[in-house]
Structure formats: structure tokens, C-alpha cells
Amino acid sequence: MTWMLDVLDPGVQTSVQDLTGRRGLWGVGVPPSGAYDALSFALANLAVGNDPGAAGLEAVLVGPTLCFRAGGNEERRHVLAAVAGACQGAQLDGRAVRPGEPFAAYDGSVVTFGPCGPAGLRGYLAVRGGVAVPRVLGSRAAFLLGGFGGGVGRALAADDALGVGREENCDAPAVLTAIVPTLTDRWTLRVIPGPHGAPDYFTGDALAALFAAEWAVDHRSDRTGIRLAGPPVRFARADGGEAGLHPCNIHDSAYPVGGIMISGDTPVIVGPDGPSLGGFVVPAGVIRADLWKLGQLRPGDRVRLEPVTAEAAAEARDERRRMLADPRAAAAAVIFPLPAEPAPAAETPQTPQTPSARSATWDRPSPLLTIPASGARPELSVRFSGDHHLLVEAGPARLDLTVRARIHLLHRELAARGLLGASAGVPEDVEGVRSLLLGFEPLAVDPRALAERVGEAWLATPDPAGVELPVREVTMPICFDDPGAHEAMHRYQRGVRPDAPWCPDNVEFIRRVNGLRDRDEVFEIVQKATYLVIGLGDVYLGAPLAVPLDPAHRLVTTKYDPPRTWTPENAVGIGGAYLCVYGMEGPGGYQLVGRTVPVWRKPGADRADGAGEAAPSWLLRSFDLLRFEPVGHDELMELRAAIADGSIGLRMRETTLDLGALPGPETPQPPETAEFIRRREGAFAAERARWAEAAAAKAQQNKAQQNRGA
């Protein structure tokens, strides 16, 4: 028997997390999860002598009430625990405990978090030996939206009980109160500008304004991301073309945690439970040393974005690493600081720069590597995306399946050279439409050297012509006009944006912007099309991002702005020219046409002995060929249940795909396809003109109201 933690009151949302979360699954839409404020979490663990990565508890807004209980044969008279983060009001048996200072809990002791704050949003509890829950997909962290990990696959509830691990391998405890970070309601986040910038995506002064503004944290922020309210972001182009009607839309590219994507006119910072792949432009990424701050941002807090160089980010990262490697020395240095050395007499004080002056030169940093186009091989660039990811992009910003094939061949070449995977210091890699995101460990990999290796592999990749790729043809049932899809539309219209042009019916909106005769023609085209899966995890958990092979079947729409707050699991939607099947229930922005069967099976606990290899939870693969077969709602519900429990699988057959036969933008089109595209582009332009007229009318109305008020 061991010590246990009994949950008397779970608080608002308390979950089991660990430090690093899941690694190596970003490419199939499994986020890392893990502690949002990793710095406070690590310090709580170090205070009780744990490895910093041991599992502990994360509480949001109002923390839990927990009772320590000793097992019948437990030899330890007490167990050490510590809190950190926004735990200023925490108590043990009615007595206050200080963040970062270990305390002894006895059989029957009760720890009460109380409200988190007044500054900060999340509190953490570490117990000597760690919280003992099984690993799922390599981590003990809970992914709440996905319903797995954390022992119970959800937030904790009253009467839950968690085991505590053994302490044989623990270090001596330490009082680390002096280095527990100070929380506030005004924050500065250091960011690396790029990978997307001016003049390609933004106006010349748009990024200067982004970095000069003071942003407010929106109340809709959570573990998926932090929404920032402030001035609208200005774009350099009218729309995203085949990526979508809004200029923020790009052909799907992977995000790093901390990446600042622009959704509509709103910056959203990707959190540890955020999406890995999506179609929004990313003008900057928060550096690793400042990611902990995201977990403590409360609605209404004020945020500034401070652009820094990759070298400055590395210095901040090294400073944090040294502190965690020897926290006692770091705490002592705060309590007993060395005298500061006087500045040289000849040194001229530096005049602080204003935010606008400081940021005006940060339009888009130069790439680490550029390989010019040569013959059929398109240009390749490698840029920082944050300070521990590189974004590799090929060719111009357009939908080109021949470029997608080259990205896949580059990925294969990098793997063959041993440059991918945790052992190579590159634990994450995600293929996008015309991009490849590489997450690297800075202690193991020099990013400039990695960029050079990418360039060498690019020059060695074969031409797609003649490359036969083993693939599968998958037939999936679809219920058009499914009640769940319409419920999502109705919820959005009632609670988010009642005047959106895609309300009340997404299918009617798709018909209008593509110049089709009626709603049934939308369904006919989806049914006729053969879709090529060109990415996984676009909306989490193995969700396929797919595009019709035949350009005559490419319906083009825009994404919701702002996104939906709820989408049913396995809804089928279209955004830009792309189709997606939602891997799980959650937010979303694609225009919905129906619903299909699961593309993901919930994983069980990892085998303790590490033997055997379970079937992957994701059911689809990149370059699968998808077709949809209409069914009724009742039949779909039966098929959904059978696939979810594993009693049947997806209908598929093995085949091959000639990558050289994929259509590109220059591929000649038959007259009927050219006419379809011409009609679609005309309807697309007409819709954009209607939006402009509506915006002008609204602006005129607002001006008139202001004049009357004056």
C-alpha cells in the first residue's frame, strides 16, 4: 500500500500533469499537454526532492481540497508536499503554506488550495514520489479535450483517489520560495518574429503595431490557447485565395506551442493543448523561457509582445536551465546576492526605445537558409518558428500537390539520414501542405546546422515523377445535413456571431460562394470527389486534412471568424479548398456539411513492460485516398459505435499512388473544369464585395451614431 490523495472537492478544473507531456505525436494531432506553467510546476517538484518531471496536480481559478491518506502497510509517517504558482491562499489543516516551501502531511491531513490568485490563474501541487498514474502515449499528463491521460482521462471529481509514488530515488528537499516567480496582471512576452511577415502577409507597419500594442487577455482563453483582444491586425492582401476568404488564411502549416496565430483579426497564442496543424498565419512565437507565463494569464491581464533575437532567446533559455539544475544555489543567490559591480565610467547610458521604434525593424527576419528554385524543384526556405522550432517552406504560397509530394519526400529523406526523432534531438516533425515543422532540442541541436542538413536533404530528394507510394483507398460513410452539424451552426448563431454570412446554414453559404445551383449540388460534389489526405491532426487526434484530386471538385470557403466554441466529434467541414474530419468534440472553424465515423480510437494505458506494439489510435494516414458514401443518421450512429469499440474497421483497400501524376497549378484542365473554376472565382469575388459593402455600411452607421451622440 502507498500514500493516497483523496479528492474532497475538485475545485474548478484540477488535472494530473507532468512537465514535458507527450512528445513525437504532434504530427498526428496529439498535443503535448503537460503543465501550462512549467516553471512553477518544476519548482514545486524540486522543493520536495522529485525529478522536475514527476507528475503533479494543476488547478485553475479555484483549487481542490485534498486529504492525505496512508495505506495500511505504509512505513512513512508523513509525506512531503509543496505548492507553487497562484497558490497564495493555500492551507494545510487550516495553517498557511508558502509557495516553494515543502510541508509535511500526515495521515488525515487536509490541504486546501482555495482561490488561485489574486495574481495568476493556476496553482500546482507536488508530492514527494510524484502522483502515480499510468502513462498513456508516453505521458501521465491529462489531455482533457481528448479524454485520456491523468489517471482518469478528465478533470478530477469528488471521491477520486490518486496514488503517490515511492521516494527511494528522490533528492533532499529544499526551500525555494525565493525563486518562485512573481505573478502580476501585466506581462511582457518575449517573442521571435516570424515565420510569416511583411510584405507577403502584412502591411509594412502591421508588425510594428502588433509589438507596440498593449493586449488584453480574452475570457475565452484556456489550455488550447490565449486569445488577445486589441487593435485589429492589418493585412497586405485581400484574401487567402484557395486557403480561404480571409487574408489570415494560409495553406495549412504546423504551429509550435507558443506560436501566435492570427485567427480573423485576433492573435491567439497556441497552448499545450492546442492544435498542431492549421490554416492561420503566424507572425511570431513566444520563446521557451517565457512559455510558463501563458499558464498564469488571467482574463483582463495586460500583455505586451517584445521581439528579441534567437541569441537573446538562447541566453534566457540557458539561464533558466542553470537555475533548475541547481535551484538551491539560485535561491541562495536571491537571498544573499553578490554586490553589483559598478558600470565602467566611460559607458554611455542607453536610451530606452519606445515599443514602436523597437519593433519597426522586425518585419520578417532573414531565413536561416534559402535554396533558389532550379528547374522543376521549387525554392526552399528555413526560418525560426519560435526559438526551438524551424519551419521549412517550399514553393510559392499556393495549393500545389506536386510541392506536397516533395515535402513528403524531404521528410522521408531526413528520416533516412537519421535526422528525425528524439535520439537525433528533433522529437517533433509535422508535414503541412507546403511546409515541414521541425521541433528541436537546443542542447542537442544547433538550428543553423540543422537548417544546412535540411538543405542537403532537399537537394537529394528525387523528383516525384515515377515515385510510387503505397497508399490506401478508404470509403467512409457520411450523413449529410446531420443533426449534430446543424446543432453546431445553431449554437454559433445564438451565442457567438448571429450576423455571420455563413449563418444560419453552412451548406447554403458553400453553395453561394462557389456559384452552385442548389444545396444538393454541394453534396453531389463531395460524394463524387476522391480526396487526398495531405495532413493529419488539422483539428486534433488524427483528423485528416484532405483536398480533392480533381480541381473540378474543389469547393472553396472561408473559415469561421471567430471560430465555433463547439463542434460535434467527426463533423465533416470545408475550409478554403480543404476538407477535414474533426477528430474530437471541440472548437472549430470549417463550414460543416455532415458527419462521419471516428478517425481515432481512445488509447489505453501504456504497457508497463514495454513489450508489444499496440495498433495506433489514429486510423488514417497521410496520402490515403478518401471517398464518402451517404448514409442515414440512424445507420451512421450504429457504424460510429462499432468503429469506436473496434468491432469493425474502416473500409479500405491497398493500392499505389504515382506522385508524378498529382495535378499541379500548371496542369492543363478540360473546358468544363476551367468553367467550374471561373464560376467559383466569380462567386468568390462577389461574396468578398458583399462583405466590403456590409463593412462600409456598418462603419457609416457607427459614424452617424457618434455624430448624433456628439
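## Strands, barrel and aromatic pairs in a predicted model

Strand β32 (residues 578–581) is covered on both faces, with Tyr578 and Cys580 buried on one side and Leu579 and Val581 buried on the other; buried means under 20% relative accessible area, exposed over 50% and partly exposed in between, with a 1.4 Å probe and protein chains only. In a regular strand the side chains alternate between the two faces of the sheet. This is a predicted model, in which local features need pLDDT of at least 70 and side-chain atom pairs count only at pLDDT 80 or more, while totals for chains, interfaces and linings use all residues. Residues are numbered from 1 along each chain as its sequence is written, and side-chain values use heavy atoms, with hydrogens and water left out.

**Partners of β32**

- Strand β29 (residues 544–548) pairs with β32 in the antiparallel sense over two bridges, and Ala546 stands opposite Leu579 of β32; strands here are DSSP runs (E, at least two residues) and helices are runs of H or I with at least four residues, numbered from the N terminus, and two strands pair if DSSP finds at least two bridges between them.
- Strand β31 (residues 571–575) runs antiparallel to β32 and is joined to it by four bridges, with Tyr578 as the bridge partner of Gly575.
- The hairpin of β31 and β32 has two residues between the strands, and Gly576 takes a positive phi near 60° there.

**The barrel**

- Seven strands close into a barrel with mixed pairing, in the order β13-β20-β17-β18-β15-β14-β21.
- Strand β14 (residues 215–217) pairs with strand β15 (residues 225–229) in the antiparallel sense over two bridges, and Ala216 has Ala229 of β15 as its bridge partner.

**Aromatic pairs**

- The structure holds 14 aromatic pairs, where rings of Phe, Tyr and Trp (its six-membered ring) pair if their centres lie within 6.5 Å, and planes under 30 degrees apart count as stacked, over 60 as edge-to-face and the rest as tilted.
- Trp187 and Trp292 form an edge-to-face pair, at 6.0 Å centre to centre and with 75° between the planes; Trp187 lies in strand β13 (residues 186–193) and Trp292 in helix α3 (residues 291–294), so the pair ties together parts that are 105 residues apart in sequence.
- Trp600 and Trp618 form a stacked pair, at 6.4 Å centre to centre and with 25° between the planes.
- Trp600 counts as buried at 8% relative accessibility, whereas Trp618 counts as partly exposed at 24%.
- Ring pairs link Trp600 and Trp618 with Phe143, Phe148 and Tyr540 into a cluster.
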